[in-house]
Structure formats: C-alpha cells, structure tokens
Amino acid sequence: MTIELIVVGKTDSPHVEALVTDYQKRVNRYAKFTVVAVPDARASKSTPADAVRRAEAASILRQVKPSDHLVLLDEKGGQPGSVEFAQWMQKRMNSGIRKLVFVIGGPYGFDKTVYDRADEGLSLSKMTFSHQIVRAIFAEQLYRAFTILGNEPYHHE
C-alpha cells in the first residue's frame, strides 16, 4: 500500500518541515509514504473563505484518483488513540487498498466537494492545531502506528 499526505500550502517553518521529513523517512521503512503540497489560496476582502475553500478543493481533488481511499484529517472525524489508529491502519492494509490518501486542509477547512468525495474522516484531537503543525503530528502518529504494529519499543503503554 502507498500512503500519501496531501497538504494545502507550503509550511513557513523549517522546524515543522524538518520533523515531517524525518518522520517521512522513518515511515518509508514500512510503506511508501509521500507528502504532496497543493497551492493554497489567500482570503481577502474580495476573496471570501468560501472561494478559498473551493479553490483548494479543486487542487486537492485533482490529486485524488477514483480508486484512492481518501481520509480527511478533520475535527469532525473519529478520534482513535494511537493503538486504535494502528489497528485501523492494519485493517486498511489488509483490505487491499492500493493507495491511502490523507488530507490536511487549509486554515478555512474543507469545501463540501471534498467532504462528499471522502471515504472517512479522522481527528487527531479535540484541540485545534494549526494546519501546519498537524503535518508533523500526523507524520509522527503514522510512524508510531507502524512501530506498534511491528511490536517495536517506540510506543509505551
């Protein structure tokens, strides 16, 4: 299975970028994991948040194939613990899904068209994080899931 993380916009933090790159390398020991940045749209007085969401949705949906299993990282999604997320990942790997695509939206969230296309939603916390820092948090949790599945000593219960 291939895993792809689609993110909106580039991060302006070299620290976040370094963390994502580090965990991306770690995850690649277990499965092919890529991060794809799509252009962000800027809100202004002449470009309301709805238009920003629509523009970002078009960029996101261009990256997703009909056969991809699309999971939105979204506050409305299910909120598993790390062990439950690892089990969730194992079920997806066993199901024959070829490409598992996770998406982190921009600061205004997702357009309805993205929600309509999504197969599932996943929340990392009840708390709100910046859409940039979520990249590092998710990449770390993905790595943690693989180490849990491999009974490696990274995760402690």
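## Close-up views of a predicted model

**View 1. Strand 4 within the sheet.** Six of the six residues of strand 4 (residues 99-104) are buried, so strand 4 is largely enclosed by the rest of the structure. Buried means under 20% relative accessible area, exposed over 50% and partly exposed in between, with a 1.4 Å probe and protein chains only. Strands (E, at least two residues) and helices (H or I, at least four) are DSSP runs, numbered from the N terminus. This is a predicted model, in which local features need pLDDT of at least 70 and side-chain atom pairs count only at pLDDT 80 or more, while totals for chains, interfaces and linings use all residues. Residues are numbered from 1 along each chain as its sequence is written, and side-chain values use heavy atoms, with hydrogens and water left out. In a regular strand the side chains alternate between the two faces of the sheet. Both faces of strand 4 are covered: Lys99, Val101 and Val103 are buried on one side, and Leu100, Phe102 and Ile104 on the other.

**View 2. The partners of strand 4.** Strand 1 (residues 2-8) runs parallel to strand 4 and is joined to it by six bridges; two strands pair if DSSP finds at least two bridges between them. Leucine 5 has phenylalanine 102 as its bridge partner in strand 4. Strand 3 (residues 69-78) is also parallel to strand 4, with five bridges between them. Here the bridge partner of valine 71 in strand 4 is phenylalanine 102. Strand 3, helix 3 (residues 82-94) and strand 4 form a right-handed β-α-β unit. Right-handed here means that, with the strands pointing away from the viewer, the path from the first strand over the helix to the second runs clockwise.

View 3. Five strands make an open sheet in the order 2-1-4-3-5, with parallel pairing. Strand 2 (32-38) and strand 5 (120-122) stand at the edges with a single partner strand each, so one side of each has no neighbour in the sheet. On average, neighbouring strands of this sheet are turned by 30 degrees against each other, direction ignored. Strand 1 and strand 2 pair in the parallel sense over seven bridges, and isoleucine 6 has valine 36 as its bridge partner in strand 2. Helix 2 (residues 49-63) packs on the sheet and touches strand 1, strand 2 and strand 4; contact means heavy atoms within 4.5 Å.

**View 4. Helix 5 and its helix neighbours.** Helix 1 (residues 14-27) and helix 5 (residues 133-149) pack at an angle of about 20 degrees, with their axes 9 Å apart. Axes are lines fitted to C-alpha atoms, for helices over the stretch in contact, and angles run from 0 to 180 degrees between N-to-C directions. Helix 1 and helix 5 are therefore roughly parallel; angles under 35 degrees count as roughly parallel, over 145 as roughly antiparallel, 65 to 115 as roughly perpendicular and the rest as oblique. Helix 3 and helix 5 pack at about 75 degrees, with their axes 8 Å apart. That makes helix 3 roughly perpendicular to helix 5.

**View 5. Glutamate 56 in helix 2.** Glutamate 56 lies in helix 2 and is buried, with a relative accessible area of 2%. Leaving aside neighbours within four places in sequence, glutamate 56 is in contact with Val8, Pro39, Asp40, Ala41, Gly106 and Gly109.
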